[in-house]
Amino acid sequence: MELSLEQEKPTAVTVRCAYKRFNKYHVVLKGLNMTVPEGSIYGLLGPSGCGKTTLLSCIVGRSELDSGEIKVKAESKSNIGYMPQELALYKEFSICETLSYYGILFGMTKTQIKQRTEELVNFLQLPSEFSIIQNLSGGQQRRVSLTVALLHNPSLLILDEPTVGVDPVLSHSIWQHLLELAIKGNKTIIITTHYIEEARQAHVIGLMRGGILLAEHPPLQLMLLHNCDNLEQAFLELSQKQSTQSEEDLQMAENYPKCAKKPNKHLNDGFPVTWRRIESQFMKSVYWMKRNIPIMAFLMLLPIVQCVLFNLCIGHDPLGLHVAVVNEELVDGLSDCTQVPTRGCHLDLPLSCRYIDKLREKTIKFIEYKNIEDAKAAVHRNDAWGVMYFASNYTECLIERINLLRGASDLALNLSEVNIWMDMSNQYIGNLMRRDMLFGFVSFLRQVFTDCGWPPQVADIPIAFENAVYGNNNPSFVHFTAPAIVGLFEFYLPMMFTVGAILMEKMAGLLERSLVAGITILEVLITHVVIQFIVLSIQTLLMMIVLFVIFDNPLIGSLGLSLTLLMLIGFSGMCYGFMVSVICDTDTAATFMGLGSFFPLAMLSGMMWPLEGMHYVLQSIGWILPLTLSTEAFRAISARDWPFTHPTVYKGFLSSTGWIIYFLFATYVVIKWRKGIR
């Protein structure tokens, strides 16, 4: 049963009939009533899980009640000082940098920040204001957290476990200062603590258990009412009485009140965007980058390293491939080829030597064997990629085939062929060697015809490839994949940076503390977009220099159009990062989500294989994905110089824009559904 508190002072915080639950069977606040007198210290006591944190979250405006009412005299977040239970400080910052960030966030001038910093550092016995927080002891870090709450001299202080890890002497000093603030400064202070007897110094005690306040009285009055010598004994007695009445709580899920409309906001958030709060976010980002130079260097070097490795590893023809050869028209083997001239019309000498020499120009290396069985065994041992066999009268039969054409005997036709057995387990190497052997033979035969005064065109395949409309007649695979690689990097680098930055602040409680201090989600997004665009612009410039200047990949289209599309892809990746950040609560979940989307996007973007060569089902859905149309658009601009008005190009722009809208909308829906970033 709740007891009411006789009012002698005006109230600073009033909570009436507060109900809050996270699901049907997890009711946290069960009609709670709370009254905090102005100019007093209110000690909120209770075991873990009783709803203290949820109640405080509702008071500071970070959570909404399902039903009930909260009134706070402070009216605005900027007039509340909040110290969470977790540290919630940027450990890379110095004390001075931390207080400068929050001071600007609270709207203080530089002079005010400097003055308050000196006062609080001296009072809380902190080391030099230039000390880095991660180098401080646990108790000193807690005192810095308390300093942040006291910095802007708010009228309402909400302190969650302020004396944890603090030595008794300093704890007593902190309590004396808080009492002085309450009595002389007319400040209202709500403190949660596990040290029950420590709370006797508070003006009012609220004993909370099971989502309600069991009692709300001054400490001495509470002990007198229950004839107890200490608060712990009074709390125990009240808890035992509540346990005998707990049958009523079993019906809470069924009788949970239904609110016709959402409870009114009790704190004025002010304008959704202000320059001072934006400035504080920029300052925080500059401090963070200054303290994390190795991470920033990694972010800048990563695209360079990736582009260099891509160009050095992808698209180059393998060199030094081995082929087993059995040549029966040579008496002493391949050593006889040293006596055969490479030019001239010497039809009485082995022409197989000239063909082999032509293949050596393509860096194929030959291993000689006496018979076909031994040569094939070499392929089975992985010593060679194929076997070439020349018959004993290969040259004689080849000349007969050339001279007589339709009149050549079947024996001559068969023996003039070069028999080849390939290892086709590796499609790329197998097809490459087949190409080299085919074009090498045509080149060798044209040379023989030229030396003998015959028309070399007769030796050629009767197909003429003229100059290519786009690209060149000897394209490189790296030229095909470069646009997809750039798009992939542009999408995932901002996504990684966004997820890393926002999740780090979420998990450490930093974002929550900033939101309580008055920053808005819109301001967080605006600041992050500006910072990320600066980083992304530098990364894009470095990638463009590496890919299109140093390695000379084709970029014949509009540079401005190319950069605009890349920035749009980067913004799309950034928005994807926002969505992942609000959905995931841990970096593990974000990693799984990022990796889970990376491979489908990489495979379906046309980086590994053209979309036209994929399964028809994938072709039908592949164009919808974020990188498919934008990759084709960038390829069309860079390799074909197509303008924006071309359907392939503007579809890429529309695709990226559409995905930006989708990601932002999904982020908005998740934030609304979860009632904020948590």
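Which residues is isoleucine 205 in contact with, leaving aside its neighbours within four places in sequence? In this predicted model, isoleucine 205 is in contact with Gly43, Leu45, Ala199, Ala215, Glu216, His217, Pro219, Leu222 and Leu231, once those neighbours are set aside. Isoleucine 205 also belongs to the largest nonpolar core, which holds 72 residues, and it is named with Ile41, Leu157, Leu159, Leu178, Ile189 and Leu207 as touching the most other members. Helix α5, which spans residues 168-183, supplies the largest share of this core, namely seven residues. At least three residues of the core are drawn from each of domain 1 (11-255) and domain 2 (277-308 + 477-674). Another core, lying apart from this one, comprises 46 residues, and Val478, Ala482, Met543 and Met579 are among them.

Two serines were examined individually. Serine 40 is found in the loop that lies between strand β2 (26-37) and strand β3 (41-45). With a relative accessible area of 2%, serine 40 falls under the 20% limit and is therefore classed as buried. When residues up to four places away in sequence are not counted, serine 40 touches Ala182, Lys187, Thr188, Ile189 and His203, and of these Ile189 is also one of the residues that touch the most other members of the largest nonpolar core. The C-alpha atom of serine 145 is separated by 8.5 Å from that of proline 162, although the two residues are 17 residues apart along the chain.

An open sheet is formed by four strands, arranged in the order β11-β10-β12-β13 with mixed pairing. Its edge strands, each of which pairs on one side only, are β11 (365-368) and β13 (419-422), and the twist from one strand to the next averages 25 degrees. Strands β10 (residues 322-327) and β12 (residues 386-390) run parallel and are joined by four bridges, and asparagine 327 stands opposite phenylalanine 390 in β12. Helix α10 (residues 351-360) packs on the sheet, where it touches β10, β11 and β12, and its direction makes about 155 degrees with that of β12. Helix α11 (residues 372-380) also packs on the sheet, in this case touching β10, β12 and β13, and its direction makes about 160 degrees with that of β12.

An unreviewed UniProt entry lists residues 480-503, 533-551, 563-583, 589-609 and 649-671 under "transmembrane region". Over residues 533-551 the chain of the model is 95% helix and 0% strand, with 25 Å between the end C-alpha atoms. Over residues 563-583 the corresponding values are 100% helix and 0% strand, and the end C-alpha atoms are 30 Å apart.

Technical notes
Residues are numbered from 1 along each chain as its sequence is written. This is a predicted model: local features need pLDDT of at least 70, side-chain atom pairs count only at pLDDT 80 or more; totals for chains, interfaces and linings use all residues. Side-chain values use heavy atoms; hydrogens and water are left out. Buried means under 20% relative accessible area, exposed over 50%, partly exposed in between (1.4 Å probe, protein chains only). Contact means heavy atoms within 4.5 Å. Two strands pair if DSSP finds at least two bridges between them. Axes are lines fitted to C-alpha atoms, for helices over the stretch in contact, and angles run from 0 to 180 degrees between N-to-C directions. UniProt positions are given in the numbering used here, feature names are shortened, and annotations may be inferred rather than shown by experiment. A nonpolar core is a set of buried Ala, Val, Leu, Ile, Met, Phe, Trp, Tyr and Cys residues joined through side-chain atoms within 4.5 Å. Domain bounds come from an automatic or database domain assignment.
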